[in-house]
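I opened this notebook to record what I looked up in the structure. The entries follow in the order in which I made them.

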2 protein chains.
Amino acid sequence: MAMLSNLDNFFYPQSVAVVGATEDPSKSGHQILRNLLDFNFSGEIYPVNPKRENILGLKAYKDLTSIPHSVELVVITIPSDEVPKVMRQAADRGDVRAAVIIASGFAETKIPERVLLQQETVTIAKEAGIRIIGPNCVGVINTANGLNTTFAANIKRIPGNISFLSQSGAMGASILAFSQGQPIPMGFNKWAHVGNQADVNVLEVLKYYAQDKGTKVIAMYIEGIENGREFLKVVKEIIPEKSVVILKVGRSEVGSSAAASHTGSIVGSDQVYSAAFDQVGIIRVETLEDLLDTTKALAMQPLPKGNRIAVLTEAGGPGIAAVDELGLHSYIEMPDFTQITKERLKAILPPMALVDHARGYVDMSAAAMEHHHAEALQIILDDVNVDGVILVTVLPGFLNPQILAEKLLATLKEKPDKPVVMCILAGDWVQEACSLLEENSIPTFMTPERAARSIARLVQRTIYLNRANDTDTIQPTSITCTEHAIISKALAEKRHLLEPEAIKLITTYGLPTVPSAFTKTTEEAKHAASSIGYPVVLKVVSPDILHKTDAGAVRLNICNDKELEQAYNEILANSKRYNSQARIEGILVCKQATPGIETIIGGKVDPQFGPVIMFGLGGIFVEIFKDVVFRVAPITLNEARTMIKSIKGYPLLVGARGKMSVSIEALAGAIVKVSQLMLDNPEIQEVDLNPVNAYEQSIIVLDARIILDVA
Amino acid sequence: MAMLSNLDNFFYPQSVAVVGATEDPSKSGHQILRNLLDFNFSGEIYPVNPKRENILGLKAYKDLTSIPHSVELVVITIPSDEVPKVMRQAADRGDVRAAVIIASGFAETKIPERVLLQQETVTIAKEAGIRIIGPNCVGVINTANGLNTTFAANIKRIPGNISFLSQSGAMGASILAFSQGQPIPMGFNKWAHVGNQADVNVLEVLKYYAQDKGTKVIAMYIEGIENGREFLKVVKEIIPEKSVVILKVGRSEVGSSAAASHTGSIVGSDQVYSAAFDQVGIIRVETLEDLLDTTKALAMQPLPKGNRIAVLTEAGGPGIAAVDELGLHSYIEMPDFTQITKERLKAILPPMALVDHARGYVDMSAAAMEHHHAEALQIILDDVNVDGVILVTVLPGFLNPQILAEKLLATLKEKPDKPVVMCILAGDWVQEACSLLEENSIPTFMTPERAARSIARLVQRTIYLNRANDTDTIQPTSITCTEHAIISKALAEKRHLLEPEAIKLITTYGLPTVPSAFTKTTEEAKHAASSIGYPVVLKVVSPDILHKTDAGAVRLNICNDKELEQAYNEILANSKRYNSQARIEGILVCKQATPGIETIIGGKVDPQFGPVIMFGLGGIFVEIFKDVVFRVAPITLNEARTMIKSIKGYPLLVGARGKMSVSIEALAGAIVKVSQLMLDNPEIQEVDLNPVNAYEQSIIVLDARIILDVA
């Protein structure tokens, strides 16, 4: 046990007391004791129950105090009101290092006295140096020593290299039950549900898993993360060593709102979660089934070296269904078999076999015998253009699934270092063959589509790992913000930045803006216009009017003094009409920019992930087509380029339909600068540069709105 | 047996001869005989094998001729070369009405002599009045009489109300095996795989299922359809009575090309398939699993009256996962429980239950006992705002799954006429409860997402049925095309329509076009321009230049005679440069239209579905965002309106971002007219009206291209 984290006290205790242990099988205190016994826990178990001498054959104690042996971990499953008392006993003992509080009825109820009850419990524990998992949780499992503090029923102790972390006890228990229903029960290393996170939280468990030698794949179910930035930092360090797979609800609006109602999870923007996960290399899965399948594939198989996945089958329809699914993952390619591969396949396969009718796809025909499968698999694995193989089979009655499995395993015993996944359709009679394959680390899936999706997930991880080797990891450097006084002044006045202030600030960061002047009279404005040069744009400057266009307080394309005077007065009038209380500071006179391609660069402080930067095409593209991309700051130039390329409208930036091709470099530079601006100035809540006109060689910011944290 | 179709001879024969029956278990001729015996086929079985006296306990005959009893159906599983000889014997007998030819090695090989072998076999059969299913097929199953001509292994005879039709024998067999692995094996009524379709094809089987009393749900796996229009017509008639569920591969490009390689299926545009399926009310599923789940839900449960689906659970995470999945189906709503429902739920549920934290979602908390589940389900079903319920449960060890199932069934025995689906997570210990529920027609699913998707499919069918009641079923009437000579002339000259001809033609159909004149000299053009009124547009008229803009052969915004002359000459020069062989007929002078919102209306003859109409916004929206919608002609006004509303950019047509709101009625009218134009004139291969400018009160076609079938 050379691990550093003190969570060892939860996962590797020498002794466990179960407060609330009982003979009554309808109580969790019974199931927990049973689970510890069924798992053959390697340490001592002390049931605590004031009314019993023995429970399930173990000597019981009336309270914690009366246990004459050392007690390292306490599991508490009694009514919440009594928990502080038990915690005090634990503290008084002096040897207790950790407590799993199963009991609910604390802060999750949002009832003030119950919130206090939780605080009281935590305070007692803290003072005594006792760490807490829970309350309102099902605790932890460690298959290494047979520790199981949960009341999940019918779970077997099956060691493995997957560790699981869940924000829902029920989902966590389902995953366990589910994974044990596979042809070969999937093994877990550790498992945790941290409930109210009164002390130990998701992040700490994640860090613990990160350094856990027995954990290769970390699987999670989450509804929301509290400290997204630190979470990402931790995951980023894990990714090169271990896979992280997350099922996060919130794919739909109603799902998000249901999650928000569940133990008050902070939910946030699902789009930002997806962007953040992708950014650090988390494989986000869609469903419980996807989580299980992906985890199984990652736990059993090597990663592909590249993205070229072949499909081998003797069953036309199901084989094609696998190809069809692969095609939905844009990063997958069907391999181009070498001439030698094609010849070798034709030489050994039945005459009806289709070898190169569709790229990377071999249909051996229903005449294929067991040995054909094995030989064809070997030939395909030998091909340098192939990175992985899906084998889909629907055995005719005259083939023997066991013999097929054995022959395939004989082929694969050389460990080709390329992933192979299988789908054997279907029914009870193939289950033994599936088991044999899975015992030998060839994962089998119920349907061709699930097999295909799972190997696609392996490719996804390969891509993440390759991306991590990107040499452009140079972070932009912080800028000594010479204009920081602007922010301080606005904050002191409890207002957001006025546009002239915003322009000054972004100029400090090297963002190009149109020439402009802040004016207080029509005369000043005319003077400014003549020095800037017509045509100009006029905009109201008011701390109370954020949406200037809605207020009719912007006038474009003003060509002379007369038009200017009229526009100036109209803007003032419209502004007053829009908000009679608005403080009008003056009018900003800006050079009218030449037409370019309108883009938007935005930044906002996300409640989970902190500064997040958005890029998209302007106008209808953002509003109606939602064609925008997010990324958590900081952002490198390469990352900014990737953002730009990932929007659907990207062809419009590189000259589609005779439009001018604009400077991607200038846009990427601007994204990096906005990222830096947000990071350097935590008072900034939101930056909205809209539009940013892009041209062949340059960009220019036409409008800048900066919202401060004035609450 | 009051059915009319002669496919009765395949599904309800009194006697079957199996030519190629054998004791050798590695041959299909053995498995077929075994399947007939295992299914306890109600008619006579005559094995045919020249070398055996008895096979599997049945008297064998040396050939068809020597069977002294009546033979109605012949199943043939011998090498293809010998099939014509056997067919001749069958013909000579005079009593054989139908033949299932399992043997492969015919037209599917594309080898000329084998194509001929198939033709020869069919000819012999036709002359003798014998219908054929196959060759290269696995034939049919009928659970009513125990007929099973397939060589699929380990399939049980389980009657039910689902009938299956597959273009892949392996996929069909997988579905059977799969469906028998459910908690309660799903029952099938009939099953067919028609192989090469040398005589009986998919459509004929579909028609047979349509009138089959025992079939409630028709499930299909298809790769491509030959006669799409007739297929749609047949399905449209079926839909009000029976559900049609189709798994069609081709969701991705590579999947389409793999399907095309498989027995040469004609594949076609997947987008058109989706549109056509939706149009007639076919539920298109995504995966094998989806096919199974959807079919199960449709077979077991009533349809919801509306789209409001509630989620009831005692397990936060999995319950939310169900809500999340529901939210992905845009047509589903979470119900707004009545006040009474909320009060009743709160009154009976444990204090920790979350009753109205998220709309339509009830989390009973882990404290919920078996009776809470049943009572809460009853209360929710009683709510007038609820159309269906998903119950998701992760039973704690202290609850009994059997008791839960019994209590739920007691609640449901009143048959609420609202669908209920369940997910009981997870593992072996809940399987008995799942079986009990399914025995009583409550479908259970392995994961919350699958349960949610399945009930969403039920809602989809409800929506299809409601839509079928749309009163606007008035088809536009055919137009006597006074300008048909235009088409005849172009066809005679083996060319497509020139733009002036296309304009004339669409004008006949009431499509508004800009004033224009076809000119042959600059003088004629100037004259035309002055009578039309400047500004004008000039375009080349040439049968050899279809893409005029690419050729630099269009000039916009010509304001006077001088500009016109210059533009006229430039267009001629550019056209010659673009294609020195091009025949230049002259120049079209058109009124320059006022700016409007650019849309596209197109039509083309789809290889499967015939005339198909497309609508979308013009320019980048069609080219980059692929924001278009398809529909098979004919199209009613209401359908055209639905098309327009279904594009993502629809808000741009109704005044988003200060743009003008345009006439949806005028656009819908134009779509209907293009539909009619295509239907009336089958020589037209493609119509491309691009752009069609839309205005507040009207539309106008600015450019018309009509491609004829000149091949």
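Before looking at helices, I noted that a crossing is left-handed if the near helix is turned anticlockwise from the far one by less than a right angle, and right-handed if clockwise. Helices (H or I, at least four residues) and strands (E, at least two) are DSSP runs, numbered from the N terminus.

Source. I am reading a predicted model, in which local features need pLDDT of at least 70, side-chain atom pairs count only at pLDDT 80 or more, and totals for chains, interfaces and linings use all residues. Residues are numbered from 1 along each chain as its sequence is written, while chains are lettered from A and ligands numbered from 1 in the order in which they are written.

Entry on a helix pair. I looked up helix α10 (residues 288–300) and helix α16 (residues 448–468), both of chain B; their axes come within 9 Å and cross at roughly 60 degrees. Axes are lines fitted to C-alpha atoms, for helices over the stretch in contact, and angles run from 0 to 180 degrees between N-to-C directions. α10(B) and α16(B) are therefore oblique to each other (under 35 degrees is roughly parallel, over 145 roughly antiparallel, 65 to 115 roughly perpendicular, and the rest oblique). The crossing of α10(B) past α16(B) is right-handed. Among the residues that meet are B:Asp290 and B:Asp293 in α10(B), and B:Arg450 and B:Arg453 in α16(B); contact requires C-beta atoms, placed from the backbone, within 7 Å. This contact comprises four nonpolar, two polar and six charged residues. Ala, Val, Leu, Ile, Met, Phe, Trp, Tyr, Cys and Pro count as nonpolar, Asp, Glu, Lys and Arg as charged, and the others, Gly among them, as polar.

Entry on the two chains. I found that chain A is superposed on chain B by a rotation of 180 degrees with 0.0 Å of shift along its axis (RMSD 0.1 Å). That is the relation of a two-fold axis. The C-alpha of A:Phe625 is the nearest to the axis in chain A, at 4.3 Å. Superposition is by least squares on the C-alpha atoms of residues with pLDDT of at least 70 in both copies.

Entry on the interface. I read that 77 residues from chain A and 77 residues from chain B form the contact. On the side of chain A, helix α11 (residues 316–327) gives the largest share, nine residues. That side divides into 39 nonpolar, 26 polar and twelve charged residues.

Entry on the backbone. I noted a cis peptide bond from A:Ala633 to A:Pro634, with omega near 0 degrees.

Conventions: Contact = placed C-beta atoms within 7 Å.
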